[in-house]
Amino acid sequence: MNVIKIDKKTWTEGIGRLQGFYRLIGPVKDGDFYQFKALEKGESPDFSMLNTRLSPKSIIYPQSEVMFEYSLDETRDDCHVIKEIQVEYSPQVVFGIRPCDAKAFLLVQRNFETPEYKDPYWIRLYETTALIGLACNTPCSTCFCVDAGSGPFNDAGLDILLIDAGEYYYARVNTAKGEKILKDSGWSEETETKDAELAIENLKQAAENRITARISTDRLKEKGVPDLFNAPFWEDVAFACINCGTCTYVCPTCWCFDIQDEVRGTDGVRMRNWDSCMYPLFTLHGSGHNPRDAKTKRLRQRFMHKLKYYVDKYNDGIQCVGCGRCINLCPVNIDIRKICEAMNGFEPEQKSI
Amino acid sequence: MLSYNEKIRHIAKKILAEGKVEIVIGYRRGTLPMINEPCFIKHPEDVTRLIWDRHCGINLTNYLTQRKERIGIIAKGCDSRNIITHIIENKIKREQLVIIGVPCKGMIDRHKIASQFEEEIQKVKEDGDKIVVTGGGIEKIWKLSDVLQENCIICTHRNPVIYDELVAEPVAEQKDVNRYEDIRRIERLSPAEKAEFFDDLLASCIRCYACRNVCPLCYCDTCFVDGSQPQWVGKSQDPTDIRTFHFLRAFHCAGRCTDCGSCERACPMGIKVRTLTKKLEKDCLELFNWEAGIDLEQRPPLTTYNPNDPDDTFR
Ligand code: SF4
Ligand code: SF4
Ligand code: SF4
Ligand code: SF4
């Protein structure tokens with residue numbers, strides 16, 4: 001792994017140069033909060049944010065995405081033929097992704113790119129996108145990335161990790177994609193990798209020491225699914241939930257969608273829109289039966305999926321990267337840290353077999 | 001209002017122990033500043049969990065809908081008005097309820113404070129008529145009255161209008177409040193300016209429906225935005241569909257909304273959704289002299305026919 005040092009004085013210049021090669025996306029202040037947006041010419045990503053309100057997942061997985069189009073006009077030869085829409089995928093570079101959010105793309109990949117199923121829309125966007133991270137020198141009180149298998153200086157999923165060291169950035173390059181971007185940018189100050197790694201290690205230690213939010217996940221695996229499923233605490237933790245789905249929409253690792261046809265006149269599109277396990281319609285059968293017909297069941301599903309089914313299925317930690325968004329944005333303060341503790345520490349009075 | 005806690009717990013304990021109610025719905029301490037969690041308790045020994053402060057802005061009436069047991073519920077002015085609306089609309093029965101009324105002096109607007117504080121907020125403390133916010137090594141002090149929720153600033157029913165127990169002496173109601181200044185400003189805009197105003201207002205909506213789901217009025221089994229046979233509105237991020245959702249939702253609240261502010265408080269994007277419901281609330285007041293949730297005996301304007309209706313179509 002190669003580290004270079006970027007003098008902040010040359011920062012905007014490099015961004016400008018990259019704009020000649022790529023579509024750039026970065027955090028910008030939008031009203032009261034930060035959002036990832038395409039950067040205009042001459043605009044730099046704003047790194048003064050703690051993190052963006054919404055996760056960057058929509059850059060690769062838009063909330064509404066057209067997949068196919070068709071015509072109902074019977075005078076046309078291609079009437080009733082479902083055709084894939086043509087989209088131009090030009091290379092794009094995202095600046096300022098926090099390490100938790102970058103790791104989240106790897107989790108989401110498990111859903112969209114499997115040995116059996118390849119989702120072309122997600123994969124194409126993912127492959128044409130480079131992710132440049134920004135290490136967190138000052139994690140928030142709701143960041144539990146370390147216990148969720150990531151960390152404020154984690155490289156996973158990132159082509160380059162930037163580390164803010166005052167007058168300059170360290171840039172740790174992880175992939176060939178990242179190398180190419182650095183070359184195109186013209187930021188070139190090579191640095192003694194060993195010294196840099198030491199400086200980065202110190203900043204990393206300081207950042208990790210600031211993390212106060214902890215969760216325990218060590219015993220989730222050994223719990224029985226029926227035990228957790230039937231645990232008595234769900235009624236209490238789900239009481240306040242209004243099933244709004246905010247937690248799932250703001251979450252970088254929630255991947256569910258719904259497919260809808262929309263027709264205007266004789267022109268139709270088939271699109272997918274984010275969906276949420278918190279919504280009653282999510283599991284409503286055509287027969288009218290709904291296996292998750294009460295909010296407690298829906299809330300339980302969200303947390304069982306993230307903290308138990310996923311853990312069992314992939315054997316690689318929880319389906320959460322500890323970004324804290326659902327904690328901060330849930331209107332009624334349902335806190336995944338509390339629920340995770342309840343699940344991890346749960347002892348059934350009688351173990352089911 | 002901090003002093004209410006003891007009284008609330010005392011009453012809750014009493015009604016649970018005497019078997020008057022099976023559960024009490026209230027708030028427990030949140031895990032973050034400026035937010036508490038609605039909760040229920042069933043056992044008298046658990047009443048110490050109940051708390052009350054200026055971060056209880058979610059309308060608890062939402063948790064009553066269609067419950068079958070006998071319930072104790074903590075209600076500030078607006079919650080109590082929604083309880084009346086709920087009783088009128090047959091969502092709960094008066095006999096099921098022991099209403100623990102809380103005279104209210106306003107809830108803190110968490111969006112307002114967060115948007116004016118650059119660092120992460122770690123602590124929020126009330127100090128007399130001030131509020132002290134600290135985090136990330138900085139401290140900011142506001143006058144309480146400047147950081148209350150917008151609906152609380154213009155509230156004219158701070159005291160519960162219906163209750164069985166009252167936790168403190170009633171507070172003075174605010175007089176000469178200019179409730180609709182913002183709405184009048186919008187009414188004066190040209191159609192094009194209005195269109196632009198609403199586009200801006202709703203631009204960041206993610207259609208999570210927190211505003212709808214947190215509202216005690218929104219209890220339909222299948223909301224018109226969710227139905228698919230027929231499908232009234234598209235489900236994508238298309239701005240027309242987003243506007244349709246908001247405008248129709250607001251109309252469904254006409255004559256029922258108490259301006260409790262829950263919807264605005266709940267919105268993760270800080271969208272001022274009350275702007276829409278307030279217009280209808282203003283119309284109800286001006287055209288029918290109607291305020292929602294004041295009187296159990298009176299029928300709401302949308303369910304009554306009046307030969308002197310202000311609109312020609314109905315006369
Ligand atoms: S947990 Fe919170 S954010 Fe998620 S659906 Fe329930 S109320 Fe909404
Ligand atoms: S579950 Fe919550 S904390 Fe975990 S990744 Fe999703 S939004 Fe972040
Ligand atoms: S529309 Fe908003 S202000 Fe009106 S009653 Fe519902 S939540 Fe309260
Ligand atoms: S709560 Fe806010 S973001 Fe969610 S649907 Fe309502 S206005 Fe839109």
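**Ligand shells, chain interface and local features of the predicted model**

In chain A, helix 10 (295–314) and helix 11 (325–329) each supply at least two residues of the shell around ligand 2, where helices (H or I, at least four residues) and strands (E, at least two) are DSSP runs numbered from the N terminus. The structure is a predicted model, in which local features need pLDDT of at least 70 and side-chain atom pairs count only at pLDDT 80 or more, while totals for chains, interfaces and linings use all residues. Residues are numbered from 1 along each chain as its sequence is written, chains are lettered from A and ligands numbered from 1 in the order in which they are written, and side-chain values use heavy atoms, with hydrogens and water left out.

Ligand 2 is surrounded by 13 residues, of which the closest are Cys251(A), Cys320(A), Cys323(A), Gly324(A) and Cys326(A); a residue is near a molecule or strand if one of its heavy atoms lies within 4 Å of it. By class, this shell around ligand 2 holds 8 nonpolar, 2 polar and 3 charged residues, with Ala, Val, Leu, Ile, Met, Phe, Trp, Tyr, Cys and Pro counted as nonpolar, Asp, Glu, Lys and Arg as charged, and the others, Gly among them, as polar. The residues around ligand 3 belong to chain B and include Cys215(B), Cys257(B), Cys260(B) and Cys263(B), as well as Arg249(B) and Asp259(B). The shell around ligand 3 divides into 5 nonpolar, 5 polar and 2 charged residues.

Between the two chains, 40 residues of chain B are in contact with 40 residues of chain A, contact meaning heavy atoms within 4.5 Å. Chain B and chain A bury about 3300 Å² between them, 55% of it on carbon and sulfur atoms; buried area is the accessible area (1.4 Å probe) that two parts lose on being put together, summed over both. The count of salt bridges between chain B and chain A is 3, a salt bridge being a side-chain nitrogen of Lys or Arg within 4 Å of a carboxyl oxygen of Asp or Glu. Lys42(B) and Glu235(A) meet through their side chains in a salt bridge, at 3.7 Å from N to O. On the side of chain B that touches chain A, two or more residues come from each of strand 1 (23–32), strand 2 (35–41), helix 3 (110–115) and helix 7 (210–213) of chain B. Strand 2 of chain B gives the most to this side, with 6 residues, and by class the side of chain B that touches chain A has 16 nonpolar, 12 polar and 12 charged residues.

Within chain A, an open sheet of 4 strands has the order 5-4-11-10 with antiparallel pairing, two strands being paired if DSSP finds at least two bridges between them. Strand 5 (83–84) and strand 10 (257–264) of chain A stand at the edges, each with a single partner strand, so one side of each is left without a neighbour in the sheet. Strand 4 (residues 64–71) and strand 11 (residues 267–274) of chain A run antiparallel and are joined by 7 bridges, and Glu69(A) stands opposite Val269(A) in strand 11.

Over all chains, the whole structure contains 51 salt bridges. In chain B, the side chains of Glu118(B) and Lys140(B) meet in a salt bridge at 3.7 Å, N to O. This pair links distant parts of the chain, 22 residues apart, with Glu118(B) in the loop between helix 3 and strand 5 (123–127) and Lys140(B) in strand 7 (residues 138–143) of chain B.
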